[in-house]
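Open the model in your viewer and keep the selection tool at hand. Each stop below says what to select and what is there.

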Amino acid sequence: MTASIVRPFQNADLPGAEAALIEVHGTDGYPVEGVDQPASWLRSPDVLAAWVAEVGSKIVGYVAVMRPHGEGAVSLWVQHARSDEEHVAVLARLFVIKEARRRALGEKLMEAATDYAQSRGLRLVLDVMTKDTAAIHLYERLGWIRFGEASHRYGDDRQISAVCFVSPA
Ligand SMILES: CC(C)(COP(=O)(O)OP(=O)(O)OC[C@H]1O[C@@H](n2cnc3c(N)ncnc32)[C@H](O)[C@@H]1OP(=O)(O)O)[C@@H](O)C(=O)NCCC(=O)NCCS
């Protein structure tokens with residue numbers, strides 16, 4: 001089997017990460033808002049750090065840790081834990097293309113993000129659409145805690161139900 005690794009994102013990875021994202025949108029409808037501008041969605045200025053999964057020389061997955069901006073899961077967690085946004089970051093943009101799944105790459109991407117956050121004293125939160133059952137299963141298997149429900153708004157006033165998770169303490 002071709003070797004796979006998870007490593008920090010480098011600028012040269014962008015075309016491969018964009019191609020992988022477009023593929024995942026085709027197979028899974030993720031992200032629901034579409035992939036008209038994959039580069040700006042992946043490389044938003046709020047990205048604090050990001051990692052890629054690579055099989056051979058092909059980028060097959062991605063995850064980012066992002067600065068919070070009072071989004072649903074963040075404000076709910078801050079209230080719930082009587083914390084503040086300074087101690088919270090958002091795990092976002094997690095995906096692995098279909099042909100590379102079930103090799104623990106999703107898990108390793110999650111580990112890279114959680115190690116980063118832990119070493120900076122940040123608690124990670126995320127929201128996930130209820131339709132993304134493989135991701136929910138992964139978060140629960142890794143001990144993430146479901147703490148609330150949210151509604152993800154996108155496009156022309158559309159919304160879809162989501163659940164909020166926080167990383168293990
Ligand atoms: C969620 C997602 C990233 C998981 O990626 P992945 O690389 O398949 O994740 P993992 O391999 O770590 O774990 C998935 C499953 O593979 C299994 N697995 C891991 N290594 C394995 C191996 N070597 N052989 C067989 N199965 C294996 C895990 O046990 C897990 O099974 P389970 O879900 O039944 O417990 C992927 O399904 C995805 O991109 N989904 C669409 C995008 C999405 O929903 N993103 C969430 C945004 S919030």
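**Whole chain**

Start with the protein chain: buried residues make up 33% of its 169 residues. Buried means 20 or more other C-beta atoms within 10 Å of the residue's own, exposed means 12 or fewer, and partly exposed lies in between, with C-beta atoms placed from the backbone. This is a predicted model: local features need pLDDT of at least 70, side-chain atom pairs count only at pLDDT 80 or more, and totals for chains, interfaces and linings use all residues. Residues are numbered from 1 along each chain as its sequence is written.

Colour by secondary structure. The chain has 5 helices and 7 strands. These are DSSP runs (helices H or I, at least four residues; strands E, at least two), numbered from the N terminus. Along the sequence they follow the pattern β-α-α-β-β-α-β-α-β-α-β-β. The C-alpha atoms fill a box of roughly 45 × 40 × 30 Å, taken along the principal axes.

**Ligand shell**

Select the ligand and the 21 residues around it; Arg101, Gly106, Glu107, Asp132 and Ala135 come nearest. A residue belongs here if its C-beta atom, placed from the backbone, lies within 6 Å of the molecule. Elements giving two or more residues to this shell are helix H1 (14-28), strand S4 (88-96), helix H4 (105-119), strand S5 (123-129) and helix H5 (133-141). Which one gives the largest share? H5 does, with 5 residues.

**Arg102**

Move to the loop between S4 and H4, where Arg102 lies. Is Arg102 buried or exposed? Arg102 is exposed, because 9 other C-beta atoms lie within 10 Å. Draw a distance from Arg102 to Tyr62: their C-alpha atoms are separated by 15 Å.

**Helix H4**

Now select H4. Its buried residues are Leu105, Gly106, Leu109, Met110, Ala112, Ala113, Thr114 and Ala117. Their cover includes strand S1 (4-8), strand S2 (47-55), strand S3 (58-66), S4, S5 and H5. Gly121 follows H4, and its phi is positive, near 70°.

**Phe165**

Finish in strand S7 (residues 158-166), the place of Phe165. Phe165 is buried, because 24 other C-beta atoms lie within 10 Å. Leaving aside neighbours within four places in sequence, Phe165 is in contact with Val125, Leu126, Val128, Tyr139, Trp144, Ile145 and Arg146. Contact means that the two C-beta atoms, placed from the backbone, lie within 7 Å.
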